[in-house]
Amino acid sequence: MTTADPQLLANIRIVLTRTSHPGNIGAAARAMKTMGLSRLVLVDPAVFPNSQADAMASGAADLLTQARVCATLAEALADTTLALGVSARRRDIVSEVLTPPEASIRLLTEAQIGTVALVFGNETSGLSNEELSLCQGLVTIAANPEYSSLNLAAAVQVLSYEIRQAWLAHASWPQPELDAATGDEMERFYGHLETALAELAFLNPGSPGKLMLKLRRLFARTRLAKEEVNILRGILTAAQEAKQGTNGARNRGAE
């Protein structure tokens with residue numbers, strides 16, 4: 001009998017963004033370790049390291065010691081090929097909405113070829129629209145609709161459990177169909193896109209946010225391969241060069 005590949009769990013990153021209470025970080029680390037997950041990333045935590053986090057980790061202090069702290073979510077997701085945000089709201093920002101079992105299968109499938117991430121928001125406000133725009137899908141937990149507020153560590157425990165159950169149930173996985181671009185490659189594409197659209201006078205450089213958020217949602221829905229990102233950036237460069245050439249010709253004509 002073929003056993004489950006431990007590298008798949010090692011390639012799954014749990015990302016906690018703007019965590020307010022250090023105890024929740026420790027409790028989340030404990031929830032992860034009980035299910036065999038070990039890669040914890042913290043984005044702009046209010047307090048860390050902290051003795052409350054150590055106390056709540058209760059045997060999972062090694063995850064806190066090894067935890068990576070990032071200033072932004074984009075930095076935390078730079079080398080990932082898939083990021084799924086965990087939230088009960090803002091379904092209009094991310095098109096694909098998955099249940100925890102569906103998300104687990106998706107994460108484990110793509111963890112065969114690289115790092116993937118589950119992203120959890122702040123305890124009070126959850127994930128912002130901007131943070132969700134960095135994710136390619138949304139995971140929702142079917143909690144009691146009359147009281148659906150899960151503690152952060154409890155949500156981490158639910159997802160970690162589902163990942164482990166899916167991992168144990170499958171000794172092998174189909175190869176991902178897409179050679180997906182990483183978060184860093186996508187962010188460089190979005191930066192290039194915004195610059196090009198401003199140069200082409202399609203985007204108001206003073207207020208780019210709303211259109212760029214819609215474009216992020218569009219490309220997150222389609223998911224781009226590395227080669228596709230390169231093609232699109234080539235098109236943008238060609239459009240910029242054509243625009244510069246036109247402007248240069250006009251300037252010479254005015255001399």
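**Close-up views of a predicted model**

**View 1. Strand 2 sits inside the fold.** Strand 2 (residues 39–43) has 4 of its 5 residues buried, so the rest of the structure largely encloses it. Buried means under 20% relative accessible area, exposed over 50%, and partly exposed in between (1.4 Å probe, protein chains only). Strands (E, at least two residues) and helices (H or I, at least four) are DSSP runs, numbered from the N terminus. This is a predicted model: local features need pLDDT of at least 70, side-chain atom pairs count only at pLDDT 80 or more, and totals for chains, interfaces and linings use all residues. Residues are numbered from 1 along each chain as its sequence is written, and side-chain values use heavy atoms, leaving out hydrogens and water.

View 2. Strand 1 (residues 12–17) runs parallel to strand 2, joined by 5 bridges. Two strands pair if DSSP finds at least two bridges between them. I14 has L40 of strand 2 as its bridge partner. Between strands 1 and 2 the chain passes through helix 2 (residues 22–34), a right-handed β-α-β crossover. Right-handed means that, with the strands pointing away from the viewer, the path from the first strand over the helix to the second runs clockwise. Strand 3 (residues 68–70) is also parallel to strand 2, with 3 bridges. Here V41 stands opposite R68 of strand 3.

**View 3. The largest nonpolar core.** This core holds 40 residues. I14, L16, L40, L108, L118, F120 and V156 have the most contacts inside it. Helix 8 (residues 152–169) gives the largest share, 7 residues. A nonpolar core is a set of buried Ala, Val, Leu, Ile, Met, Phe, Trp, Tyr and Cys residues joined through side-chain atoms within 4.5 Å. Beyond its neighbours within four places in sequence, V156 is in contact (heavy atoms within 4.5 Å) with I14, L16, A28, A31, M32 and F120.

**View 4. A separate core.** Another core, of 15 residues, lies apart from the largest one. Among its members are V41, C70, A117 and L138.

View 5. The whole structure has 0 disulfides (pairs of cysteine sulfur atoms within 2.5 Å). The sulfur of C70 is 14 Å from the closest cysteine sulfur, in C135, too far for a bond. C70 is buried, with a relative accessible area of 2%. C135 is buried too, at 1%.
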